[in-house]
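Here is a short note for a colleague who is opening this model for the first time. Please read the points below with the sequence and the structure at hand.

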Amino acid sequence: MDTDGTPHGTGERQAPHTGHAPGGQVPRPAGPPAAPPAAPPRPAHAPGGGPALADWLRTPRVSDGPGVWAYGHVPRPAEEPERTPTRQLVSGALISLLAGLLLWSLLWNGYLGGFWLWPLYMFTPDSWAGTMPAVVAAYTWYTAVALMLAVGFGRLGRWPELARRLLTGGAARAEGTRLPDRPAPGSPDDPAGWPELRRAGLGDLADLLAAEAASGRMNDVDHARIRRAWDSVRADPARATAFAGAVRGKGAAACLHPSGARDLPVRAARHDLLARQVLLGTADPGTRNPYARRGTRLALDPAVLGTSLLAVGPSGAGKTALLVRPVVESLALQALAGQAAVVAVAAAGTRLGPDDGFDVVVRIGDPASVHDLDLYGGTTDPDEAAGLLAEAFTGDVPGMEVRRAATALAQLLGPFRTAYGRFPAVPELRELLDRVPARLDALRSALEAAGAQAMIRELDARDRQHGTPGDPGPALADRVALLDRPAFDGFFDTGGRSRPFSLRSLEHPLRVRIDLPERGHADASRILARLVLAQFSACAAARTDRSLFAFLALDDASHTLTPQSVRSLQRLRTANAGVLLALRTLDDVPEALRTPLLGAVGCRMAFSGVTTWDGRRFAEAWGTEWVEARDVTHRTVFADQPLTRAVHAFRKLVTGKAVTTDAVTVRQVERERWSASDLAHSVPPGHAVLSLTTVRGERAAPLLVRLEGTG
């Protein structure tokens, strides 16, 4: 059985398990009608080399800290037990062996008398003398005495410990730590038998689902999805009838995701949907990590991602392949199970997974894109829309007050929506900001015809502010012009001619990927990334139903963060949401925001190759710890006696070193957990230093991690 905790398809060669169902709340690209629902093909064995679903479910999951891969985890003691050197064990074993042989020789040759033969004489009848039974009894007694000597001297020489040391190659299992007992198949606590359904009196449904799993028609996504549906039934018993009908009618295909998919086309990482974890890597077994975490597999789950994660590393360090894609993939699987909604933002061409693995793919600037991006985030409030746009357009402009920019935009968006029943498209908004007379006159005439005096006063206020010192209008017009390019013709439409995606849909288990035109329109891409971040923060916090974990992954967050977005990161913890921010360097963040950013996120990750300047920021964020320092002082021994001096002179002649004594001083000192120099020069390629914090406040000290997939 593989110990990765993934029962189905952990590699790129996995055959897709997909199905299609009638439409739902998730937008889908236009195309030919979908095929009817189909069960995954029955495998002869667990796909991808993983364990069978029932065995995977029965494997105990133990977690003794944030980020621990719970599948099959065996906790280690907090402190390293005292370990006798192998050389000392070998010498002790040899000495005890020689002592045992010497004692046996003395007994056998009669040097110690014949007292050890008294039990043989006492229990052997005289009539056996000279017979074969007497010979057998004698040699049986000799063997028993030899075994008693071997056991006694073996314990004295610690032979069993030496044997374990040699047979296991130096690895020693900590005493007192073991996996909990696996539930027996068919027992009342067997998770493969759906005990929660049996306790609720739905034994027939439990038998049906157990049979589906045993026959290979159920995968890990199916199990997680049906469990999620059952949790909703427990919260609202009125759904019990619909749940029972769906399970009886469709079996493992019950309660499907609106897309009809039952798995991702491919998986590039190892997942445990029962614990909602994705395997990230393994803690380095060296002394840089605490003993309790050496060799421990580490994972990410919503409990830690809910505090948001900041990852910093140069290009080529593996941020996308080793962090962003596994996290997005994990949350996409959880979305199929009805547990999460994920939005991934990256430059066009970034390998975050195939298009079939997402419900919505927005390709900004690509005429073939089926979906568009809602520039106003699905809101109908002009003030809210103006605040989001101002954050995106002017949040990174030095000296520009976002509040004044939001006011200027609201003075135009409100009147336009009142006059035309919609917000302006990008060309119309640019004309309003550029003060094009024809556009302003038409808007004023429409407002006068509608009798909207309040909105006319808003236009008058914008007229008065235009051209005054500090007027944000020109700066806004310049930023809007970056989106009013021929490449974006037809995008950001507000007239109903496109299929815009709105982040107001985060209440549904969506899988969304937004491709930004980074190559030819870098400034526009940064504006759009800031817009998505601002909309996500606002929409995630405004959800009425927060049962789904909402997550935003920014593959490149350079020049995206603003004071408002940094402040909003901490508010996401209470909204059951989180953000992943990947940066090449902290220099891509305004200097005034670097320290607040490191303080706002709960999880920090420094990849191999960071600069000492970035390392200093991480070192300050991770703080110091008390460690035990040993100072050894060597002192030369001066002998007074002639014989001793002669011995010392001979020893120096042989070894080449003077005779010395060692004085050891042990003291407690406060040192940085990771210094800037260590982060810049001591992190091997394919590794990263990671610290985690859960939404409940549990913390894991920074650990050196060998990332999964780096060999």
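1. Helix 8 gives the largest share of the lining of the largest pocket, namely seven residues, where helices (H or I, at least four residues) and strands (E, at least two) are DSSP runs numbered from the N terminus. Both helix 8 (220-235) and helix 9 (240-250) supply at least two residues of that lining.

2. This is a predicted model, in which local features need pLDDT of at least 70, side-chain atom pairs count only at pLDDT 80 or more, and totals for chains, interfaces and linings use all residues. Residues are numbered from 1 along each chain as its sequence is written, and side-chain values use heavy atoms, with hydrogens and water left out.

3. The lining of the largest pocket has 26 residues, and those nearest its centre are Arg-228, Ala-229, Ser-232, Arg-239 and Gly-338.

4. Tyr-121, which sits in helix 3 (residues 118-123), counts as exposed because its relative accessibility is 54% (exposed means over 50% relative accessible area, buried under 20%, partly exposed in between, with a 1.4 Å probe and protein chains only).

5. Ser-308, in the loop between helix 10 (302-305) and strand 4 (309-312), has a positive phi of about 70 degrees although it is not a glycine, and at 1% relative accessibility Ser-308 counts as buried. Most residues other than glycine have a negative phi.

6. Phe-492 lies in the loop between helix 17 (473-483) and strand 8 (500-501); the phi of Phe-492, a residue other than glycine, is positive, near 60 degrees, and Phe-492 counts as buried at 1% relative accessibility.

Conventions. 1 Å grid on protein atoms, 1.4 Å probe; cavity = no way out; pocket = protein on both sides within 12 Å on 5 of 7 lines; lining within 4 Å.
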